[in-house]
Amino acid sequence: MMQAASGNVADLIEQVKFKEASDRNRSKNKSAPTVTIGIEEPIAWTMLFDFDVNRYFSDPRFYVEQTLRQKLWKFDNVDDDAGLTRDVPAWLGHYPEYTFVGMEVVFTPGGVPHIQDDHPLTRAPDLTLLQPVDFYSSGWMPRILRWYDEIEAIVGGRLEVPFNMTWGRGPLDLAIQLRGYDNFVADTAERPAFVHDLLKFLTEQRCRWWEMYYRHFGLKPSSTFISDDWINVPFISPNIFAEFVLPRYLEIEKYHGGIRGIHSCGNTVPLQCYLLEIKSLQGFEVSAWTDLAQTLINLPPPRPLWISVHPNNVLCDSAETMRSKIKFIKEACRGRKFNLSTSGLTPLTAEEGKYVASIQTWLHAARELLSLRSLPAGKMPNVGLNHHSG
């Protein structure tokens, strides 16, 4: 078990402020490419700190203290290019949107999500089974708004409290979860009008939710980010994406005035030609399940890449193998703008030291190898890619 940062909320806040202001922290994220580590949240934290995630998501004071301890642990143990920030994001897990459209989401003590897979829509392709989304009453929204207020009250203005419980999922993930994968794929051939209507409904409700969000917080619409893990060939075909999904993305882009980035843990290579039609994208994610070499052929050289390596590359590979894989990325991307990160890392054993040592070995190899390359001038945009496993 790790040696956790000690102290109450006030002490922990002061530690975060002190380290955030340090020269070491202020020197981060100054070069390109950046190299960052993704921690598999909340699963990795429950293993490292030995707590029940259901307490974490229900006890606001414990949540604030634990989140601060996690920030300090990462700063002390993972010297990547992600700077320590003066904030406590109000968060209840990766999947609140599923509850907005009528599905239940629960977590095991270790943080593994279970999303309802028997919604009435799985038994009948009937859109009347879905209700319009209301920002104040749908799904977790009452709990979310209360949670945000509780976190803000505990933090008391000493740190920022970002509202990290927004609607990030695209319509595809929600449609497949509502309908069931087999049903959804059959629907695309047997009842395509229903699929269009379902995805249109979900897109309309997403924009409706954001409209109420902006109004509630007194904000103006701004560019958004989409997560759709079912953007994954061969589970969907390029034709399914082009016919059913891309038009909805273009609607989202029009409403928000831009889409910063799109996340999928799947293989997006055969879809990249369609993603290029989304003109506002600031860059393209190359997940661990997307082939880098083909991506470099598919995407024009000016397009920035956000490359995310498989957890095994960090947690299982030897130092020699790590260097070989990073060298391949370096050589393949010569002359291209890219950032390098890992997918979410979960400890493979209870040995914290082994977990940290693997991360440090990979970071050292990445820094040593990538510092030798020359990049065009320009800082890569930060789009907040999600590093969860799917």
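**Legend 1. Helices and strands.** Helices here are DSSP runs of H or I with at least four residues, and strands are E runs of at least two, both numbered from the N terminus. Counted that way, the protein has 16 helices and 8 strands. What you see is a predicted model, where local features need pLDDT of at least 70, side-chain atom pairs count only at pLDDT 80 or more, and totals for chains, interfaces and linings use all residues. Residues are numbered from 1 along each chain as its sequence is written, and side-chain values use heavy atoms, leaving out hydrogens and water.

**Legend 2. Overall dimensions.** Along the principal axes, the C-alpha trace spans about 55 × 50 × 40 Å.

**Legend 3. Inside and contacts.** Of the 390 residues, 53% are buried (under 20% relative accessible area, with a 1.4 Å probe and protein chains only; exposed is over 50%, partly exposed in between). Take contacts (heavy atoms within 4.5 Å) between residues at least 6 apart in sequence: 75% of them join residues at least 24 apart.

**Legend 4. A look at the cysteines.** How many disulfides does the structure hold? It holds 0, a disulfide being a pair of cysteine sulfur atoms within 2.5 Å. Cys 265 is in no disulfide, and its nearest cysteine sulfur, that of Cys 316, sits 17 Å away. Cys 265 also counts as buried, at 11% relative accessibility. Cys 207 is buried too, with a relative accessible area of 12%.
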